[in-house]
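Here is a short report for a reader new to this structure. Look over the sequence and the fold, then read on.

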Amino acid sequence: MSLRSAFESVLDRPDALSKIDSLIWQSLAAGSASARHPWNLGNLITIRRNQPQARTVVIRKVDKQCRTLDLFTDRRSGKIDELAENANIAWHFYTSQSKVQLRLQGQATVVTDEATVDAIWDTIPLISRADYLSISAPGTAVNDDQPRPTSVRPRDASVSEKGRENFCIVRTKITQAEWLMLRREGHLRMTSLYSESQPPVLRWLVP
């Protein structure tokens with residue numbers, strides 16, 4: 001079933017709001033499990049010196065119970081400094097095929113439990129570990145006499161292990177979700193507000 005069809009299937013239910021909210025998290029979890037899912041990639045928005053910064057990232061893990069999203073990154077990347085400055089971030093998902101938009105707000109932290117990070121690092125394929133082996137930090141300007149940065153590809157596991165010190169996991173605790181479906185017969189929009197101690201507050205919104 002397509003992403004759009006899944007949401008359309010619950011619209012006429014009396015409990016449509018709760019079903020949409022549940023489908024949001026099922027779909028995010030599916031996105032973290034499959035590169036082919038429309039929500040495998042999302043736009044992550046952070047703040048740097050009061051200016052928004054956006055980039056496309058891969059969702060690596062979703063915890064539906066805790067309402068968290070994980071991504072992998074180089075700890076030397078700009079987003080880590082941005083999160084230290086302001087932990088409030090946003091996610092954005094949209095595909096033209098589904099005509100469904102999802103916006104998420106929350107607070108992000110870097111996972112500090114080394115055993116957890118080690119366990120995840122051990123699952124990363126050799127070729128993907130190359131992303132954490134650059135000598136200079138991501139975003140570093142390249143000298144004029146160097147056409148482009150050289151690619152670093154590990155040839156064996158021992159070389160790839162050098163990237164472990166640069167690897168980190170960023171976890172977002174979601175506090176609000178806003179869902180929008182574009183339709184010829186009338187757009188639909190709803191919001192979910194999350195808290196630790198109370199059930200989600202679900203409301204329809206004017207599109």
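## A buried cysteine

This is a predicted model. Begin with C168. Leaving aside neighbours within four places in sequence, C168 is in contact with L71, F72, T73, D74, R75, I80 and V110. C168 sits in strand β7. Its relative accessible area is 1%, and under 20% counts as buried, so C168 is buried.

One of those contacts is R75. Along the sequence, C168 and R75 are 93 residues apart. In space, their C-alpha atoms are 5.7 Å apart.

## The chain as a whole

The chain holds 5 helices and 9 strands. Read along the sequence, they follow the pattern α-α-β-β-β-β-α-β-β-α-α-β-β-β. The C-alpha trace spans about 60 × 40 × 35 Å along its principal axes.

Of the 207 residues in the chain, 38% are buried. The chain exposes about 12200 Å². Carbon and sulfur atoms supply 49% of that area. Take the contacts between residues at least 6 apart in sequence: 62% of them join residues at least 24 apart.

What about charge? The chain has 28 positive and 23 negative side chains. The centres of the two sets lie 5 Å apart.

## Helix α2

Helix α2 covers residues 16-33. How far apart are its end C-alpha atoms? They are 25 Å apart. At 1.5 Å a residue, the 18 residues should span 26 Å, which agrees.

Among the buried residues of α2 are A16, L17, I20, D21, L23 and I24. Further along, W25, S27, L28, A29, G31 and S32 are buried as well.

## Aromatic pairs

A pair of aromatic rings is described by the distance of the centres and the angle of the planes. With centres within 6.5 Å as the cut-off, the count comes to 9 aromatic pairs. One of them joins W91 and F93. Their ring centres are 5.9 Å apart and their planes are at 0 degrees. Planes under 30 degrees apart count as stacked, so this pair is stacked. Both W91 and F93 are buried.

W121 and F167 also pair, with ring centres 5.2 Å apart. Their planes meet at 50 degrees, so the pair is tilted. W121 lies in helix α4 (residues 114-121) and F167 in strand β7 (residues 167-181). The pair therefore ties together parts that are 46 residues apart in sequence. W121 is buried, and F167 is too. Elsewhere, ring pairs link F7, W39, W91, F93 and W179 into a cluster.

## Around helix α4

V117 lies in helix α4. Is V117 buried or exposed? Its relative accessibility is 2%, so V117 counts as buried. Residues up to four places away in sequence are not counted here: V117 touches V111, R164, F167 and I169. F167 is also the ring partner of W121. V117 and F72 are 45 residues apart along the chain. Their C-alpha atoms are separated by 9.9 Å.

At 37% relative accessibility, E161 counts as partly exposed. E161 touches W121 and R129, again not counting residues up to four places away in sequence. H37 is 124 residues from E161 in sequence. The C-alpha atoms of E161 and H37 are 30 Å apart.

## Two loop residues with positive phi

N50 is not a glycine, yet its phi is positive, at about 70 degrees. N50 is found in the loop between β1 (41-48) and β2 (51-58). Its relative accessibility is 69%. Over 50% counts as exposed, so N50 is exposed.

R67 also has a positive phi, near 60 degrees, in a residue other than glycine. R67 sits in the loop between β3 (61-63) and β4 (68-74). How accessible is R67, and which class does it fall in? At 19% relative accessibility, R67 counts as buried.

How values were computed. Residues numbered from 1 in each chain as written. Predicted model: local features only at pLDDT ≥ 70, side-chain atom pairs only at ≥ 80, totals over all residues. Heavy atoms only, no water. Phe/Tyr/Trp six-rings, centres within 6.5 Å; stacked < 30°, edge-to-face > 60°. Buried < 20%, exposed > 50% of the residue type's maximum accessible area, 1.4 Å probe, protein only. Helix = DSSP H or I, 4+ residues; strand = E, 2+ residues; numbered from the N terminus. Expected span 1.5 Å × (residues − 1). Contact = heavy atoms within 4.5 Å. Areas by Shrake-Rupley, 256 points an atom, 1.4 Å probe, with all protein chains shown as cover. Lys, Arg positive; Asp, Glu negative; His and termini not counted. Charge placed at Lys NZ, Arg CZ, Asp CG, Glu CD.
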